[in-house]
Amino acid sequence: MNKYIKIAIQEGEKALRKNEGGPFGAVIVKKGKIIATGRNKVIKTNDPTAHAEMDAIRKATKKLKRFDLSDCEIYSSCEPCPMCFSAIHWARIKKLYFGCTRKDAEKAGFNDKLIYDILKGTSKKKQVKSIHLDREECLALFKEWKKKKDKVQY
(Lines give C-alpha, C1' and ligand atoms only; values in the text may rest on other atoms or scores of the structure.)
Protein backbone atom coordinates (compact mmCIF):
# COMPACT_ATOMS: atom_id res chain seq x y z
CA MET A 1 0.00 0.00 0.00
CA ASN A 2 1.21 3.49 -0.79
CA LYS A 3 2.34 5.17 2.44
CA TYR A 4 0.74 8.51 1.59
CA ILE A 5 -2.61 6.97 0.65
CA LYS A 6 -2.42 5.10 3.96
CA ILE A 7 -2.07 8.44 5.79
CA ALA A 8 -4.95 9.89 3.74
CA ILE A 9 -7.08 6.93 4.85
CA GLN A 10 -6.07 7.56 8.47
CA GLU A 11 -7.15 11.20 8.11
CA GLY A 12 -10.48 10.03 6.68
CA GLU A 13 -10.88 7.68 9.64
CA LYS A 14 -10.37 10.61 12.04
CA ALA A 15 -13.02 12.68 10.26
CA LEU A 16 -15.43 9.74 10.30
CA ARG A 17 -14.87 8.63 13.90
CA LYS A 18 -14.83 12.13 15.38
CA ASN A 19 -17.99 13.04 13.44
CA GLU A 20 -16.14 15.97 11.86
CA GLY A 21 -17.25 15.15 8.34
CA GLY A 22 -17.26 12.52 5.65
CA PRO A 23 -14.67 9.74 5.45
CA PHE A 24 -12.19 11.64 3.32
CA GLY A 25 -8.50 12.38 3.84
CA ALA A 26 -5.69 14.01 1.85
CA VAL A 27 -1.92 14.48 2.05
CA ILE A 28 0.31 16.99 0.28
CA VAL A 29 3.88 15.89 -0.34
CA LYS A 30 6.92 17.83 -1.56
CA LYS A 31 10.03 15.90 -2.57
CA GLY A 32 9.04 12.92 -0.43
CA LYS A 33 8.25 15.01 2.66
CA ILE A 34 4.73 15.47 4.01
CA ILE A 35 3.88 19.16 3.96
CA ALA A 36 0.27 18.91 5.15
CA THR A 37 -2.54 16.50 5.87
CA GLY A 38 -6.22 17.25 5.70
CA ARG A 39 -9.54 15.67 6.44
CA ASN A 40 -13.17 16.46 5.82
CA LYS A 41 -14.49 18.89 8.45
CA VAL A 42 -17.79 19.90 6.88
CA ILE A 43 -19.87 18.86 9.90
CA LYS A 44 -17.44 20.21 12.51
CA THR A 45 -17.14 23.64 10.88
CA ASN A 46 -20.53 23.91 9.12
CA ASP A 47 -18.45 24.86 6.08
CA PRO A 48 -19.44 23.09 2.85
CA THR A 49 -15.97 23.83 1.43
CA ALA A 50 -14.13 22.11 4.30
CA HIS A 51 -13.23 19.03 2.25
CA ALA A 52 -10.04 17.06 2.88
CA GLU A 53 -8.19 18.39 -0.15
CA MET A 54 -9.17 21.98 0.65
CA ASP A 55 -8.00 21.49 4.25
CA ALA A 56 -4.65 20.10 3.09
CA ILE A 57 -4.17 22.85 0.47
CA ARG A 58 -4.93 25.58 3.01
CA LYS A 59 -2.45 24.11 5.49
CA ALA A 60 0.25 23.61 2.84
CA THR A 61 -0.01 27.15 1.46
CA LYS A 62 0.12 28.55 4.98
CA LYS A 63 3.16 26.43 5.87
CA LEU A 64 5.03 27.21 2.63
CA LYS A 65 3.84 30.85 2.62
CA ARG A 66 2.86 30.72 -1.05
CA PHE A 67 -0.13 29.86 -3.19
CA ASP A 68 1.85 27.96 -5.84
CA LEU A 69 2.18 24.28 -4.95
CA SER A 70 3.51 23.20 -8.35
CA ASP A 71 6.41 21.35 -6.69
CA CYS A 72 3.98 19.25 -4.61
CA GLU A 73 1.80 16.21 -5.14
CA ILE A 74 -1.54 15.41 -3.52
CA TYR A 75 -2.80 12.04 -2.35
CA SER A 76 -6.49 11.62 -1.60
CA SER A 77 -8.48 8.73 -0.21
CA CYS A 78 -11.09 9.42 -2.91
CA GLU A 79 -11.30 11.06 -6.32
CA PRO A 80 -11.75 14.78 -5.58
CA CYS A 81 -15.07 16.48 -6.15
CA PRO A 82 -15.25 19.26 -8.78
CA MET A 83 -14.50 21.96 -6.19
CA CYS A 84 -11.42 20.20 -4.87
CA PHE A 85 -10.27 19.24 -8.36
CA SER A 86 -10.49 22.93 -9.30
CA ALA A 87 -8.57 23.95 -6.16
CA ILE A 88 -5.84 21.44 -7.02
CA HIS A 89 -5.56 23.15 -10.42
CA TRP A 90 -5.55 26.64 -8.88
CA ALA A 91 -2.73 25.50 -6.56
CA ARG A 92 -0.89 24.27 -9.69
CA ILE A 93 -0.32 20.82 -8.21
CA LYS A 94 1.01 18.60 -10.99
CA LYS A 95 0.15 15.10 -9.70
CA LEU A 96 -2.98 13.75 -8.05
CA TYR A 97 -3.17 10.22 -6.65
CA PHE A 98 -6.49 8.90 -5.35
CA GLY A 99 -7.96 5.70 -3.97
CA CYS A 100 -11.74 5.42 -4.33
CA THR A 101 -13.58 6.77 -7.35
CA ARG A 102 -16.48 9.21 -7.51
CA LYS A 103 -18.72 6.20 -8.23
CA ASP A 104 -17.53 4.55 -5.00
CA ALA A 105 -18.39 7.78 -3.16
CA GLU A 106 -21.80 7.91 -4.83
CA LYS A 107 -22.56 4.36 -3.66
CA ALA A 108 -21.76 5.53 -0.10
CA GLY A 109 -24.22 8.43 -0.40
CA PHE A 110 -21.93 11.24 -1.62
CA ASN A 111 -23.33 12.39 -4.92
CA ASP A 112 -21.49 14.91 -7.06
CA LYS A 113 -23.08 13.63 -10.28
CA LEU A 114 -25.34 16.67 -10.69
CA ILE A 115 -22.34 19.01 -10.52
CA TYR A 116 -20.39 16.92 -13.04
CA ASP A 117 -23.43 16.86 -15.35
CA ILE A 118 -23.92 20.64 -15.06
CA LEU A 119 -20.24 21.20 -15.86
CA LYS A 120 -20.52 18.88 -18.88
CA GLY A 121 -23.67 20.69 -20.00
CA THR A 122 -25.73 17.48 -19.96
CA SER A 123 -28.00 18.24 -16.99
CA LYS A 124 -31.51 19.50 -17.53
CA LYS A 125 -31.78 20.22 -13.78
CA LYS A 126 -30.10 23.32 -12.38
CA GLN A 127 -29.60 23.77 -8.66
CA VAL A 128 -28.45 27.37 -8.98
CA LYS A 129 -30.15 30.00 -11.11
CA SER A 130 -27.46 32.29 -12.59
CA ILE A 131 -28.39 35.88 -13.39
CA HIS A 132 -25.97 38.09 -15.31
CA LEU A 133 -26.13 41.77 -14.36
CA ASP A 134 -24.15 45.03 -14.13
CA ARG A 135 -21.27 43.81 -16.28
CA GLU A 136 -20.08 47.27 -17.25
CA GLU A 137 -19.81 48.40 -13.63
CA CYS A 138 -17.99 45.22 -12.66
CA LEU A 139 -15.53 45.59 -15.54
CA ALA A 140 -14.05 48.61 -13.72
CA LEU A 141 -12.32 46.17 -11.36
CA PHE A 142 -10.60 44.39 -14.24
CA LYS A 143 -9.56 47.69 -15.81
CA GLU A 144 -7.97 48.75 -12.54
CA TRP A 145 -6.29 45.33 -12.17
CA LYS A 146 -4.75 45.57 -15.64
CA LYS A 147 -3.22 48.97 -14.77
CA LYS A 148 -2.00 47.93 -11.31
CA LYS A 149 1.82 48.10 -11.23
CA ASP A 150 2.38 46.10 -8.03
CA LYS A 151 -0.03 43.22 -8.74
CA VAL A 152 0.94 39.63 -8.05
CA GLN A 153 -0.33 37.52 -10.93
CA TYR A 154 -1.64 34.12 -9.96
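**Exercise 1.** With which residue does Arg17 form a salt bridge, and how far apart are the closest N and O atoms?

*Solution.* The structure is a predicted model, in which local features need pLDDT of at least 70, side-chain atom pairs count only at pLDDT 80 or more, and totals for chains, interfaces and linings use all residues. Residues are numbered from 1 along each chain as its sequence is written, and side-chain values use heavy atoms, with hydrogens and water left out.

Step 1. Recall the criterion: a salt bridge is a side-chain nitrogen of Lys or Arg within 4 Å of a carboxyl oxygen of Asp or Glu. Step 2. Apply the criterion to Arg17: the partner is Glu13, and the closest N and O atoms are 3.8 Å apart. Step 3. Locate the pair: both residues lie in helix 1 (residues 3-17), 4 residues apart, about one turn of the helix. Helices (H or I, at least four residues) and strands (E, at least two) are DSSP runs, numbered from the N terminus. An α-helix has 3.6 residues a turn, so residues three or four places apart point the same way.

**Exercise 2.** Are Asp55 and Lys41, which form a salt bridge, buried or exposed?

*Solution.* Step 1. State the cut-offs: buried means under 20% relative accessible area, exposed over 50%, and partly exposed in between (1.4 Å probe, protein chains only). Step 2. Compare the values: Asp55 has 12% relative accessibility and therefore counts as buried; Lys41, at 16%, is buried as well. Step 3. Consider the contact itself: the closest N and O atoms of Asp55 and Lys41 are 3.5 Å apart.

**Exercise 3.** What span should helix 3 have, and how far apart are its end C-alpha atoms?

*Solution.* Step 1. Take the rule: the expected span is 1.5 Å times one less than the number of residues. Step 2. Helix 3 (residues 52-64) has 13 residues, so it should span 18 Å. Step 3. The end C-alpha atoms are 18 Å apart, which agrees. Just after the helix, Lys65 takes a positive phi of about 60 degrees.

**Exercise 4.** In what sense do strand 1 and strand 2 pair, and over how many bridges?

*Solution.* Step 1. Two strands pair if DSSP finds at least two bridges between them. Step 2. Strand 1 and strand 2 have 6 bridges and run in the antiparallel sense. Step 3. The two strands form a hairpin with 2 residues between them, and Lys31 in the turn has a positive phi of about 50 degrees.
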